[in-house]
Amino acid sequence: MELVLALGIGILVASGVWLLLRPRTFQVILGLSMLSYAVNLFIYAMGRLAVDAPPLVGSGPPDPALYDDPLPQALVLTAIVISFAMTALLLVVLLASRGLTGTDHVDGEDGE
Amino acid sequence: MTGGWTQHLIVLPILMPLIGAALMLLLNERRTMAKRIIALFTVTALLATSITLLAGVAAAGFNSSPATRAYLVGNWAAPFGIVLVLDWLSAMMLVLTATLGLTSLIYALARWDRAGPRFHALFLLQLMGLNGAFLTGDLFNLFVFFEVLLAASFGLLLHGSSKARVKAALHYVTLNVATSLLFLIGASLIYGVTGTLNMADLVVRIPAVANSDVALVQSGMAILGIAFLVKAGMWPLGFWLPRTYAAAAPPVAALFTILSKVGIYAVLRVYLLLFGGDLGWTGSYGEEWLLFGGMATMAFGTIGVLAARTLSRVAGYSLIISAGTLIAAIGAGAGDVLAGALFYLVSSTLAISAFYLLIELVERQEALPAGVSEPVFDDEYTGALKEDGEEEIGIIIPATIAILGIGFAFCVLLIAGLPPLSGFIAKFAMIGGLLGLQDRITGSTWGLIALLIGSGLAVLVATTRAGIDLIWAPSNNPQPVLRLAEVVPVAMLLAVCLGLMIFAGPTMRYMERTGQSLGDREGYVGAVLSAQRVGAGR
């Protein structure tokens, strides 16, 4: 499970960074989305991976080893909402830029 | 904890703008007057609250009782719940934010708030994000408030949309979203190792981290530092700053001068709190990076300011010089330097903000900026200057060139750090502090002093050149028309700087205590971790 998660984060970051450095605005947005997925998974992994462990302490014995860490999950939730909103906002800026400059190059003009 | 209702004042700088912005959403976009009144009222109340808080901190602190106060939001005990912390530094930053907010808002009322929709709501949300970032006591809420202020700043940057603004905003938004992701990686690495994000708790836990995990904490802190320094505009991370700020509407750029100081604040707070001690590796972690990075930033800003051909670029590079000075001073560390740097922070922020406001007035005769934009929403009102039932022109000030010239000269003296104004006092205090290090003066210290003086000279040369070109050269253009609402904020900002000069003694004492409190980590940790819950048995 650790290996799968690590590979997933690595591939997402690699593709995200590559797309982020591309010249077209849409690629940049996709890159940022992928990076934010990777970061969310990363935060999640920082709370340690556990299978079948509930995040909330019930009436059972208060032994931390039996439970999952709830805090990273709350952090991820916040991070998801924020990056979603930022992506939406970036899309609006993208459209405005496309409309005003007539090109989808990130600098507003084609380099060649 | 006793103190009655006044202890709840801490949360007001966050709540008031939030409520004000929420009220705006209920109002139709055409009801400009109501929106202006709400915004003006909120920001004035914000200034009053901040000054009250500052006075409270100063009164408690100078009576040699602990000045740091923690406020438990949601009434959970400290490392578990969300804490707001008010101390010397955050009180000072709150007052600075409210001052800039009020002046920029008054300036915007003259015409700029009508250049696009929802200016006032975004403006208030920006202030809420700033205040929250200055008050919060844990890393994750710092992230959340960073996002609030960034989201609002995206909207403000696009205010009065034009091609240049949209192009600048595309880069600015992308860069800041990527930076926020770095922030998250850094914060979660630190959480993964230490199990906490509360800053006071981190102070206790970081020295206890096992040797095998130290590298993880260090990389987490380094990534976090990069996120802060991108905001602060350290070379080579600050390449975006002059262009972005030059594209923004003048009142927005004037408010943005505090935006880059948020990065400085975060470095001051997190770095000095977590790595201020002298235990093991935490004692000197990252010091050289800040010192040399800051010096490189100053050099870069100096070259940039000499190369700048427009006034807004000059202002942008002055901002970079000011950020570099502060970063280098934090890296140089130690007592009196910090006090001078804090004085410099306040003085340079006010001066550059006034400068951004002045630029548009000076350059107005060259070209009138287009204030009308295409409607995006159905209820949007895009008439830039026409208003029913209102005087279009307002009071016109005579002798505009003289007023502009005097204001311009004031700004130049302040930013370049020439006597007798507060910019000089701040630089003098910093250099004095550096020379006072005595046994620890090295080549880099002399380099920093040379850069401090040299950058001031470069600013002076660049601004004088532009000033002669724009103000003091004979011109065929008609004199620019100024309105009272445009001159008053500039005058207010410069008056505050004058006040800083006249009352330099008390201000400097406050700064010295701020510098000391930043070194007093036990005081901070004690105040936060021992904060009593309301209703808990005493």
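Q: What makes a pair count as a salt bridge, and how many salt bridges are there over all chains?
A: The rule asks for a side-chain nitrogen of Lys or Arg within 4 Å of a carboxyl oxygen of Asp or Glu, and by this rule the count comes to 3 salt bridges over all chains. This is a predicted model, in which local features need pLDDT of at least 70 and side-chain atom pairs count only at pLDDT 80 or more, while totals for chains, interfaces and linings use all residues. Side-chain values use heavy atoms, with hydrogens and water left out, residues are numbered from 1 along each chain as its sequence is written, and chains are lettered from A and ligands numbered from 1 in the order in which they are written.

Q: How do you know that chain A and chain B are in contact?
A: Contact means heavy atoms within 4.5 Å, and 31 residues of chain A are in contact with 26 residues of chain B. The area buried between the two chains, which is the accessible area (1.4 Å probe) that they lose on being put together, summed over both, is about 2500 Å², and carbon and sulfur atoms give 83% of that area.

Q: How many salt bridges are counted between chain A and chain B, and which elements of chain A touch chain B?
A: The count of salt bridges between the two chains is 0. On the side of chain A that touches chain B, the elements that give two or more residues are α2 (25–46) and α3 (70–101) of chain A, and the largest share, 15 residues, comes from α3(A).

Q: What makes a space a cavity, and how many cavities of 30 Å³ or more does the structure hold?
A: On a 1 Å grid over the protein atoms alone, a cavity is a set of points where a 1.4 Å probe fits but cannot get out, and lining residues have an atom within 4 Å of a point. The structure holds 8 cavities of 30 Å³ or more, where a volume is the space filled by probe spheres set on the points, joined across faces, edges and corners.

Q: Which residues are closest to the centre of the largest cavity?
A: The largest cavity has a volume of about 130 Å³, and of the 13 residues that line it, the closest to its centre are B:E29, B:T32, B:D113, B:G116 and B:R118. α4(B) gives the most to this lining, with 3 residues.

Q: How do you know that the second largest cavity is lined by both chains?
A: Its lining includes A:A79, A:I82 and A:M86 from chain A as well as B:F143, B:V177 and B:L184 from chain B. The second largest cavity has a volume of about 80 Å³, and the elements that give two or more residues to its lining are α3 of chain A together with α5 and α6 (163–194) of chain B.

Note on methods
Helix = DSSP H or I, 4+ residues; strand = E, 2+ residues; numbered from the N terminus. 1 Å grid on protein atoms, 1.4 Å probe; cavity = no way out; pocket = protein on both sides within 12 Å on 5 of 7 lines; lining within 4 Å.
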